[in-house]
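Keep the sequence and the 3D view open as you read.

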Amino acid sequence: MASLKELKGRINSVKSTQKITKAKQMVAAAKLRKAQAAAEDARPYAARLAEVMGSLASKITVSDNSPKLLAGTGSDKVHLLVVANSDKGLCGAFNSNIVKAALAKARDLQAQGKAVLFYLVGRKGRAVIRREHPNQVAHMFDTSDVRNPGYDEAERVADELVAMYEAGKFDVAHLFYSKFRSALLQEPTDQQIIPVPAPKAVAQTADAVTEYEPDEEEILAALLPRYLKTQLFGALLENAASEQGASMTAMDNATRNAGDLIKKLTIVYNRTRQAAITTELVEIIAGAEAL
């Protein structure tokens, strides 16, 4: 059985840990409000851009002359999995859930005879993917020197993906990130980003006439890279909100668990102390009787 000194030391240690987890919970809660607002503010722009894309795509026939980001390579043999993770831990299963979804997709594609490559964003999750697929990591995009990855990082990733695509290094790209639903729910998401899936056309009234200058294909060729950057930017914002929500929940659970452990240790400490006092009294009484 642990001594009173050891028990008291453990109680103080857990109390110190509880203070840290409580502070981290409060920090995550404050960051979550800002990150959630940013993610929600970006959604209408992405939705409206998708509507414009849908309107344009409905007016052309996809062919070999169409923009490659829309028409594709004509093959789907090589799939690139873009896995967006964070650079920090202490956020529960946030990163591991994204990695699990990507690895499950990789196994499914390989079972179909497809080749799989990985493009990793963020440090977390790299070790697991590199251990399982050591020769299939095409690129690792570092965000450790950025406090909050944003549009600049999304633009750089998009430019690199387009360059790899045009160089024939892959045929299809899938983006894995965590969509923010609430502080308690973050949903791992698999989204095809290259070639860009043709968005649904927007229903228009019978007398609505829209003329495009230049023609639709030229506008699409200009909009497709912007659309890709917008999707990546939105994913980074969703990830940021999901990370803070997961961190807040994880730190809240850790704080509660620390409180429960302190109660149990305190009970053991009091019982041990009482037993020690009782033993000491028995020894004193025995000594007095001996006299």
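Q: How many aromatic pairs does a search of the whole structure find?
A: This is a predicted model. Rings pair if their centres lie within 6.5 Å. Searched as a whole, the structure gives a count of two.

Q: What kind of aromatic pair do Y151 and F233 form?
A: Their ring centres are 5.5 Å apart, and the planes stand at 85°. Planes over 60 degrees apart count as edge-to-face. The pair of Y151 and F233 is therefore edge-to-face.

Q: How many residues apart in sequence are the parts that the pair of Y151 and F233 ties together?
A: Y151 sits in helix α5, residues 151-166. F233 belongs to helix α6, residues 216-290. The pair thus links parts whose separation in sequence is 82 residues.

Q: Is the pair of Y165 and F170 stacked, edge-to-face or tilted?
A: The ring centres of Y165 and F170 lie 5.4 Å apart, with 35° between the planes. Stacked needs under 30 degrees, and edge-to-face needs over 60. So this pair is tilted.

Q: Is F170 buried or exposed?
A: Buried means under 20% relative accessible area. F170 has a relative accessible area of 1%, so F170 is buried.

Q: Is K34 buried or exposed?
A: K34 lies in helix α1, residues 4-57. On the surface, K34 gathers with K24, K31, K88 and R147 in a patch of positive charge. Exposed means over 50% relative accessible area. K34 has 68%, so K34 is exposed.

Definitions and conventions: Residues are numbered from 1 along each chain as its sequence is written. This is a predicted model: local features need pLDDT of at least 70, side-chain atom pairs count only at pLDDT 80 or more; totals for chains, interfaces and linings use all residues. Side-chain values use heavy atoms; hydrogens and water are left out. Patches are made of residues with over 30% relative accessible area and no salt bridge: like charges are joined within 9 Å, nonpolar side chains (Val, Leu, Ile, Met, Phe, Trp, Tyr) within 5 Å. Accessible areas come from the Shrake-Rupley method with a 1.4 Å probe; for residues, only the protein chains shown count as cover. A salt bridge is a side-chain nitrogen of Lys or Arg within 4 Å of a carboxyl oxygen of Asp or Glu. Lys and Arg count as positive and Asp and Glu as negative; His and the chain ends are not counted. The place of a charge is taken as NZ of Lys, CZ of Arg, CG of Asp or CD of Glu. Helices (H or I, at least four residues) and strands (E, at least two) are DSSP runs, numbered from the N terminus. Buried means under 20% relative accessible area, exposed over 50%, partly exposed in between (1.4 Å probe, protein chains only). Rings of Phe, Tyr and Trp (its six-membered ring) pair if their centres lie within 6.5 Å; planes under 30 degrees apart count as stacked, over 60 as edge-to-face and the rest as tilted.
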